[in-house]
Amino acid sequence: TRTAFQSAEEALALVRKERDAEAEARALLIISHAHLSRREFEDADLFAKGSAEVCQKAGCAKGEAAALMQLVRVLLAAGGDPETAGAHAKRAASDCRAIGDVLGEISAHMLVAEAYKA
């Protein structure tokens, strides 16, 4: 797992050098997923928020929605506030609808349901 983190961090450093915002956001999201799988909630949260911020600045709605959905997963796994998780998931669903991403919208709605059952 250490090698996976090292590889992901090296990839992140490279895409930052290239100033590729979408690739940077994807790398941050991958690192967030890795932290979540290890139940490292604070780090998973930090990287998901970083991905959302990069996407927001770059105007990448699909990437931002993906980052918001990851943030919901982190909040739910960590026992966070279901209202906050639900609000993030609703925003992701709305963003996906706005750009015509039907599968993303479905995933976001599933997370809304998950948040409110928690």
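Buried residues are those under 20% relative accessible area. The model described here is predicted. By that cut-off, the buried residues of helix H5 are Ala85, Gly86, Ala89, Ala92, Ala93, Asp95 and Cys96. They pack against H4 and H6. Helix H5 covers residues 82-99 and has 18 residues. Its first and last C-alpha atoms lie 26 Å apart, close to the 26 Å expected at 1.5 Å a residue. Gly100 follows H5 and has a positive phi, near 80°.

With 37% relative accessibility, Arg91 counts as partly exposed. Not counting residues up to four places away in sequence, Arg91 touches Gln56, Glu64 and Leu68. Arg91 and Lys57 are 34 residues apart in sequence, and their C-alpha atoms are 17 Å apart in space.

Helix H4 comes next. It spans residues 61-77. At 1.5 Å a residue, its 17 residues should span 24 Å. The end C-alpha atoms of H4 are 24 Å apart, so the two values agree. The buried residues of H4 are Gly63, Glu64, Ala65, Ala67, Leu68, Met69, Gln70, Leu71, Val72, Val74 and Leu75. What covers them includes helix H2 (21-37), helix H3 (41-58), H5 and H6. Just after H4, Gly79 takes a positive phi of about 75°.

Helix packing was then considered. Two packed helices are described by the angle between their axes and the distance between the axes. The axes of H4 and H5 come within 9 Å and cross at roughly 160°. Angles over 145 degrees count as roughly antiparallel, so H4 is roughly antiparallel to H5. Their crossing is left-handed. On the H4 side, the contact involves Ala61, Lys62, Glu64, Ala65, Leu68, Met69, Leu71, Val72, Leu75 and Leu76. These meet Thr84, Ala85, His88, Ala89, Arg91, Ala92, Asp95, Cys96 and Ile99 in H5. By class, this contact of H4 with H5 has 13 nonpolar, two polar and four charged residues.

Helix H4 also packs with helix H6 (residues 102-117), at an angle of about 20° and with the axes 10 Å apart. Angles under 35 degrees count as roughly parallel, so H4 is roughly parallel to H6. H4 passes H6 in a left-handed crossing. From H4, the contact is made by Met69, Val72, Arg73 and Leu76. From H6, it is made by Gly104, Ser107, Ala108, Leu111, Glu114 and Ala115. The residues of the contact of H4 with H6 divide into six nonpolar, two polar and two charged.

Met69, Val72 and Leu76 of H4 are listed in the contact with H5 and in the contact with H6. Met69 and Val72 are also among the buried residues of H4. On the H5 side, Ala85, Ala89, Ala92, Asp95 and Cys96 are among the residues that meet H4, and these five are buried. Arg91 of H5 likewise takes part in the contact with H4, although Arg91 counts as partly exposed.

Glu24 lies in helix H2. Its relative accessible area is 16%, so Glu24 is buried. Leaving aside neighbours within four places in sequence, Glu24 is in contact with Leu12, Val15, Arg16 and Val54.

Arg19 is placed in the loop between helix H1 (2-18) and H2. Arg39 lies in the loop between H2 and H3. At 55% relative accessibility, Arg39 counts as exposed.

Key:
Residues are numbered from 1 along each chain as its sequence is written. This is a predicted model: local features need pLDDT of at least 70, side-chain atom pairs count only at pLDDT 80 or more; totals for chains, interfaces and linings use all residues. Side-chain values use heavy atoms; hydrogens and water are left out. Axes are lines fitted to C-alpha atoms, for helices over the stretch in contact, and angles run from 0 to 180 degrees between N-to-C directions. Helices (H or I, at least four residues) and strands (E, at least two) are DSSP runs, numbered from the N terminus. Angles under 35 degrees count as roughly parallel, over 145 as roughly antiparallel, 65 to 115 as roughly perpendicular and the rest as oblique. A crossing is left-handed if the near helix is turned anticlockwise from the far one by less than a right angle, and right-handed if clockwise. Contact means heavy atoms within 4.5 Å. Ala, Val, Leu, Ile, Met, Phe, Trp, Tyr, Cys and Pro count as nonpolar, Asp, Glu, Lys and Arg as charged, and the others, Gly among them, as polar. The expected span of a helix is 1.5 Å times one less than its number of residues. Buried means under 20% relative accessible area, exposed over 50%, partly exposed in between (1.4 Å probe, protein chains only).
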